[in-house]
Amino acid sequence: MPRPRSCRARPRVRRNLPSRRGRRAGIAQPVSSGIVAAISGFASSFALVVAGLAAVGATEAEASSGLLALCVASAIVTILLSLRYRQPISVVWSTPGAAVLVAVSTGAVDFASAVGAFMVAGALVALCGLWPALGRAMTRIPTPLASAMLAGILFPICLAPVTAVIEHPFLALPIVLVWLVLFRLAPRWAVPSAMVVAVIAILVAAGPDWMADGGLAPSITLVAPVFDPLVIVSIGLPLFIVTMAGQNVPGFVVMRSFGYEVPARPVFLGTGIASAAGAVFGGQLVNLAAITAAIAASPEAHPDASRRWIAAVSSGSTFLLLGLGAGVATAIVSAAPPILIIAVAGLAVLGALISSITSALAQEPHRVSAIATFLVTASGVTVLGIGSAFWGLLVGAIIMGWLAWRRREPSGR
């Protein structure tokens with residue numbers, strides 16, 4: 001005879017209480033993890049950020065200001081979101097976005113027009129927070145096309161280590177060898193260590209002359225934006241797409257893998273507004289971190305998941321301090337042979353190139369459209385003043401639609 005409803009045993013609710021180890025752990029562990037995350041993230045890609053800003057017309061002072069603005073914007077949004085939601089929400093600059101700037105520039109872009117494109121891209125990210133349908137539409141861009149476009153942007157940059165070894169063997173070869181050895185022994189430190197070797201090589205080759213101009217102190221330079229439709233389409237739109245598809249979406253996936261449901265609306269609003277505000281100081285986009293997020297959100301940061309937000313706050317605070325060295329970082333990059341800086345950047349984004357190509361070719365029916373997107377984007381062609389990233393995505397979409405229609409046609413008759 002069934003038991004009365006009121007007498008049935010209630011199911012036990014399992015609560016995620018902090019472990020004994022988690023209760024014993026102090027704040028030293030998450031603080032140190034946050035510092036490591038910030039330093040590794042900064043060292044891995046600051047050279048690419050500076051090179052990207054220079055590629056779209058920034059002077060050394062403007063590039064230094066842009067790097068500082070990105071550090072400050074990343075730090076503020078990271079700290080505010082992590083404190084508000086008690087989650088390790090890490091925000092960094094858009095590394096794929098910096099690659100876009102290197103790849104799409106023809107050398108004839110005025111930096112004021114690039115700043116206008118940065119502001120539009122930031123406004124589009126914020127609009128994704130205000131209008132969720134737009135955010136969903138961005139995540140529904142066919143993965144083969146988005147990944148192939150990103151791969152096409154990264155491909156010329158990843159060729160730079162080969163070119164650098166040929167043109168500057170005594171400077172570039174030690175960088176590549178250090179990266180290769182540490183990629184086998186300590187992958188997390190491979191790129192930062194290669195960057196350290198590159199800095200040493202640059203300083204030895206340049207001598208004391210790299211300090212001659214004296215612009216080593218952090219500085220802010222205001223840039224009045226110019227909204228050029230062609231520049232917005234060729235730079236702003238690809239910057240927005242690769243940041244959403246190549247950074248924000250993986251960032252949410254990484255956080256979810258560690259058990260965190262990060263609210264999309266405040267992330268898009270926060271990063272979009274911060275990006276648009278930072279653009280007038282020369283910065284491009286900031287976004288939800290993926291690799292850096294994994295450092296702050298993993299059990300290595302703290303055994304108690306509810307305490308890992310401290311690591312993100314520590315990372316944001318460290319980014320503020322690193323921003324004070326933006327002038328020195330920019331001066332070092334400016335003193336180096338350009339191909340050497342792009343070579344280090346190529347090592348930094350090699351993993352992203354591999355994952356992009358793998359994702360682009362994963363679905364057999366879409367391989368032709370993905371390869372077409374990759375080839376057009378990697379070609380670097382400019383048509384009607386619009387860069388190859390836009391045309392690659394457009395050509396890939398047309399081919400994908402045509403092939404899908406041809407496959408459906410026989411069954412529709």
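Author: Before we look at any residue, one definition is needed: a residue counts as buried when its relative accessible area is under 20%, as exposed when that area is over 50%, and as partly exposed in between. Please also keep in mind that the model above is predicted.

Reader: What phi does R86 have?

Author: The general idea comes first: most residues other than glycine have a negative phi. R86 is not a glycine, and yet its phi is positive, at about 50°. A positive phi also occurs just after helix 18, where G380 has a value of about 75°.

Reader: Over which ring does the charged end of R86 sit?

Author: The charged end of R86 is placed over the ring of W309, 4.3 Å from the centre of that ring. A further arginine, R84, lies over the face of Y85, with 4.7 Å to the ring centre.

Reader: How many helices and strands are there in the chain, and what share of its residues count as buried?

Author: The chain contains 19 helices and two strands, and 49% of its 413 residues count as buried. Among the contacts in the chain with a separation of 6 or more, 83% are made by residues 24 or more positions apart.

Reader: Which residues of helix 18 are buried?

Author: In helix 18 the buried residues are S369, A370, A372, T373, F374 and T377. T377 has a relative accessibility of 4%, so T377 counts as buried. Beyond its neighbours within four places in sequence, T377 is in contact with M149, G152, I153, S388, A389 and G392.

Reader: Which residues does L145 contact, and where does L145 lie?

Author: L145 lies in helix 7, and because its relative accessibility is 3%, L145 counts as buried. Apart from residues within four places in sequence, the contacts of L145 are S369, A370, T373, L393, G396, A397 and M400. The C-alpha atoms of L145 and A372 are 9.0 Å apart in space, although 227 residues separate the two in sequence.

Reader: How is a pair of aromatic rings described, and how many such pairs does the structure hold?

Author: A pair of aromatic rings is described by the distance of the centres and the angle of the planes. The structure holds eight aromatic pairs. In the pair of F155 and F374 the centres are 5.5 Å apart and the planes stand at 70°, so this pair is edge-to-face. F155 is in helix 7 (residues 143-158) and F374 in helix 18, so that pair joins distant parts of the chain, 219 residues apart. F155 is partly exposed, at 32%, whereas F374 is buried, at 17%. Elsewhere, ring pairs join F42, F46, W93 and F319 into a cluster.

Reader: What does A121 touch?

Author: A121, in helix 5 (residues 111-130), is buried, with a relative accessible area of 0%. Not counting residues up to four places away in sequence, A121 touches G236, L239, F240 and L285. Between A121 and L237 there are 116 residues of sequence separation but 6.5 Å from C-alpha to C-alpha.

Reader: How many disulfides does a search of the whole structure find?

Author: The search finds zero disulfides. Two cysteines can still be read for burial: C71 is buried at a relative accessible area of 0%, and C158 is buried at 13%.

Reader: Where does pLDDT stay under 50?

Author: Where pLDDT is low, the predicted coordinates should not be read in detail. Over residues 1-25 the pLDDT stays under 50, and the model has 10 contacts beyond four places in sequence for them. For the chain, the mean pLDDT is 79, and 85% of the residues reach 70 or more.

Methods
Residues numbered from 1 in each chain as written. Predicted model: local features only at pLDDT ≥ 70, side-chain atom pairs only at ≥ 80, totals over all residues. Heavy atoms only, no water. Buried < 20%, exposed > 50% of the residue type's maximum accessible area, 1.4 Å probe, protein only. Contact = heavy atoms within 4.5 Å. pLDDT = per-residue confidence, 0-100. Phe/Tyr/Trp six-rings, centres within 6.5 Å; stacked < 30°, edge-to-face > 60°. Helix = DSSP H or I, 4+ residues; strand = E, 2+ residues; numbered from the N terminus. Lys NZ or Arg CZ within 6 Å of the ring centre and 35° of its normal. Disulfide = S-S within 2.5 Å.
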